Amino acid sequence: MSKTFLGKMSAAAIAITATATILAGCTNNSAGTSASGSNDKPVSGGTLIFARGGDAGNIVPTEAGGNDSIFVVEQMFDTLLTPSKDGTKLEPSLATDYKQSDDQLSWTFNLRKDVKFSDGTNMTAKDVVFSIKTASDPDLPFGFVNEGIKNVEAVDDYTVKIITKSPWAPLPSDVALFSNAIVPANYGGKSLKEFEKNPVGTGPFMFKEWKKGQSLSLVKNPHYWKANRPYLDGVTFTTVGEDNTRLMQVRGGQAHVDEGPSFTTLDSVKKDSSVNVLTFGSSQTDYLIMSNKSKPFKDQHVRAAVGHSVDKESIIKAVLNGNGTPANSFLAPTIWGYDKNQKVREYDLDKAKEELKKSAYPNGFDTTIEVVAGDSGQQTTAQIVQESLKKIGINAKIVTKDDSAAGNDRVNGTYDMAFTLSTTDISDPDELVKFVAVESGGANAMRTFFPDEKITKWASEAAAATDNDKRLDLYSKIQTEFNEQQPLVPLYYSPNIYITSKKLHDFAVNEETGAYLLTDAWIEK
Amino acid sequence: MTGKQVKPKEYDPARIRMFSGCALLLVTLLVCFIVPILIHADPYAQDVANGLRSPYAEHIMGTDALGRDIFARLLYGGQTDLIVAMVAVIAPLILGTFLGASGGYYGGWLDTLIMRIADVISAFPFYVLAIALVFVIGNGMGSVFTAIAIVSWVPYCRLVRAEASRIKNLDFISAAKMGNLSDLRIIINHVMPNVMHQALTYAVTDASANIGVIVTLSYFGMGLVPPQPDWGQMLSEGQQYFANGDYYLIFFPALAIIIASFAFSLIGEGLNVDKETR
Amino acid sequence: MFQRFILPTLKRLVTLIPVALGVCLLTFLLLHVAPGDPVRLALGDKASAEAIATRRHEWGLDKPLWVQFLDFVVGIFHGDLGDSITLNEPTATAIAQRLPPTLLLMAGGTLIGIVLALPLAILSTKKIGGFFDEFMRVFVALLQGIPSFVLGTFVIILFGLQLKWMPVGGYGTTLMDHLVSIVLPSITIGIGLIPVLFRGFRQAILDSLESDSVAFGKAKGLPDGLLKRDYVIRPAAVDTVNLIGLQLGSLVGGVVIVENVFAIPGMGNLMMSAILSRDFPLVQGVVIVFAALVTVIYLLTDICYTALDPRGSMS
């Protein structure tokens, strides 16, 4: 969500756009406000123009990486189960129901019998077997998700059995992940490269055309299994890197959706009656991370001192224009397993000084805060943190690097303090917990490289446990321990904000994964 | 010949331009360096609760998102930007002069090599190379200096080279050589005086251009590192708040940038005239 | 013809080869020395080490540097700029899509620059050292110091926000959209060009005024208007072509900034995003095309100059 360097580059066209007029000929956009009784009945037709900051990279389920790709994949492909809109449970999708075996080592899924791919062929168990087996290759970006899977078998044409290596509670959530979406067996006889050029799935929309870096067009899938859906004739994702150009396009009627508007412009946008500002919950949590490879931060008292020096309220005001809540856990409230009773260190410079006195650096030390060039949010946060740290004797210099170089430093742990964030794609906390809190969990505990044996042990116990209360208890213990050790400071939870045209109705995004929910969306005539 | 020859006047417009440029620069420098001491301005003091306030009695230019005084930041930003702009002139001048003199004087493969490198540098879009260099070296004042040095030595090099290769075949140089005058002495005594004026004009123009480079780099988040105040960064921070109608955030830094570069341009214009009227 | 145009052109092209190689090498080195990893960027923070290694191999990034460079250079000689690693399509395709806005912008900017600067220069030379001339010189000094992103911001505020004449960013989808979107950035570029163009025109007119042919024409008793047209403006135009050509070269650089300020999806934008994502083949491709553009412009300028000016031949 952070503004990229390029976004910043274009920032001159800035909010300027907010009150500007639009391309000639496209100005007749007031219909939305006049038709107040327009919440009538959904009507079919129309192509949704969806302006986003970045383009998709790869739109085959197993190959997709960033959200810009994933959210497009989810329009063309379905998974066996799908997270409910609020992220609290799983709902049937291509599978009608599922059940774990008594020995807890296999799961049986019953498939819908009326599902066709967009090319008209029937979807059966062999497609599911192929898809999930393909997605389990550990070389794939999200291959690790399937590490608990031992084998996938077709019981009959419409029944699939997934066998796990050990009892594995997150399995239903795992198969609900986009990377396990169902593609035709053997890609319908095509090579992966050919399939990438014209992917075929069971989702509400199907591939039409892709001008890389500019626009990606999908059209309605005529064979879609949900009756009378989608309402839209198609969706075109356009890539508009500049925040304010996107906003201007929605105001001018050239686009229906602006993804990721700048928080700083929201005040004025909210006063504009020609657009809607939609706020959805999200799993996004921003962190101040401290590298365990940087000597001072090996000291728990130093980390605690930093924890007491972070003024989250000020950060939220300055960065999010107030649109956020202080974080009290590395898990977001929308994630199952989040413990709302967690306590984190409050902003208190006296306590920070006390902690620092107890550390190996009672008189402070020199260190750095790394920020991504052009990311104004990180820059602002860094300056606020820097100012507080200075008051307790820690002299932090701000270092700016571009996205790629900063990413490298995080991956290698070669930084002192830095910023990062997490979102989740799965409704089960297993992935995120291992990712953020477990040093051996694939991301070196959110690149802090902080090893915590207790957390590691609890995390694997929680993955194997089938009793939900027991799992909740374990996740709660993990959060407490993590907050105590505090290799990272969870900063704030921020919502997903979309600015949409008044003509667009019933547009939503999943509050946990952020996936666009376009099946029910419709455009007023 | 056209009957429009300039009559000797009481005043010379070129001089006036130059002096007004110098005066403007001096005033700007004085304001940036003296005023902060007088008013005890603190460009770093944060007060987030009082952030984003348009100009009022306590903060005559308003406050930024972190509640810092924009006037104070503007003055301290001027200190950095002006000093960097002027100091950054030195390295390319020395580098370009050295390379140009060696190339022109000795000729041969050395000359070819130097001039090809100069061609390569000129073939790059200026800002692209500067930005790429800052990527490689990392942010901060040092890399801004280095990037400017690498990008802008070429004109000096061409200038000095032309002069050096012109004089090296002149009779008196051969005589001087025979008289055991070292190459360095010849270059200093016979090449430098002839190119000094032009090089100085370039340098002043460069100082003006350097302000542009510094603020443009900072504007794109690649230049000076926060919280060090800098006009480019102030502009880019301010632009986020346009939509809310907070023009004051960009008005003052933009004005400062224009005044400072104008001062340098005026001096350059003034210097340039001698050459034009021959 | 051959002596005057073709031979010198060919000679020029040959001397360009080392420069072109140098440009490639410098780009290549800069990109590879800069920290950062295109694979990590493409696959995200969650990708495993194996996934990274596999992709690195697919993209040929595990080969030694000099092999990668050689592959690239050999590719160019085969007319193949390679495939962009982030866009997953040939570099040439990406560039072909982004080139038209940039060319349009350069043409528009230059046109506006000339339209503004030429009359000012003519007016200014009516009375050298007069009030208007002095005013213009100061004004031009003022303009010169304004960085293009500041200028762009002012243009946006004035024409986009206050007068509300024009869209303030983006490129639209139809030809009409494109033309409308290009107006403000072209104005920004045009105004930015005024100082150099004005000085150039002014000097060129001065030079022609002092030339022998003017004296000759005067002696012939030609009327003032005719004299100006035939002996002043026309020769000045010759110098001007040269000047504009040289300016276009540096214009390419300015376009990078202006495109980003106005969110125009051109070559400058493409290049910035390619640098940021460490898309090596794409950056190299764009730089080569930029350098080629500059070179072709210089060459065309020389040819025009030679054709217009009976005196010289191409050096």
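Predicted model: local features only at pLDDT ≥ 70, side-chain atom pairs only at ≥ 80, totals over all residues.

A: Happy to: a strand here is a DSSP run of E with at least two residues, a helix a run of H or I with at least four, both numbered from the N terminus. Residues are numbered from 1 along each chain as its sequence is written, with chains lettered from A and ligands numbered from 1 in the order in which they are written. The model scores ipTM 0.79 and pTM 0.81.

In chain A, six strands make an open sheet of mixed pairing, ordered 14-18-13-17-15-16; two strands pair if DSSP finds at least two bridges between them. Strand 14 (325-326) and strand 16 (395-401) of chain A are the edges: each has a single partner strand, so one side of each is left without a neighbour in the sheet.

Further in, strand 13 (residues 285-290) and strand 18 (residues 488-493) of chain A run antiparallel, joined by five bridges. Within this pair, A:L288 has A:V489 of strand 18 as its bridge partner.

Helix 12 (residues 376-391) of chain A lies across strand 13, strand 15 (366-372), strand 16 and strand 17 (417-422) of chain A. Relative to strand 15 of chain A, helix 12 runs at about 165 degrees (axes are lines fitted to C-alpha atoms, for helices over the stretch in contact, with angles from 0 to 180 degrees between N-to-C directions; contact means C-beta atoms, placed from the backbone, within 7 Å).

Terms used:
Contact = placed C-beta atoms within 7 Å.
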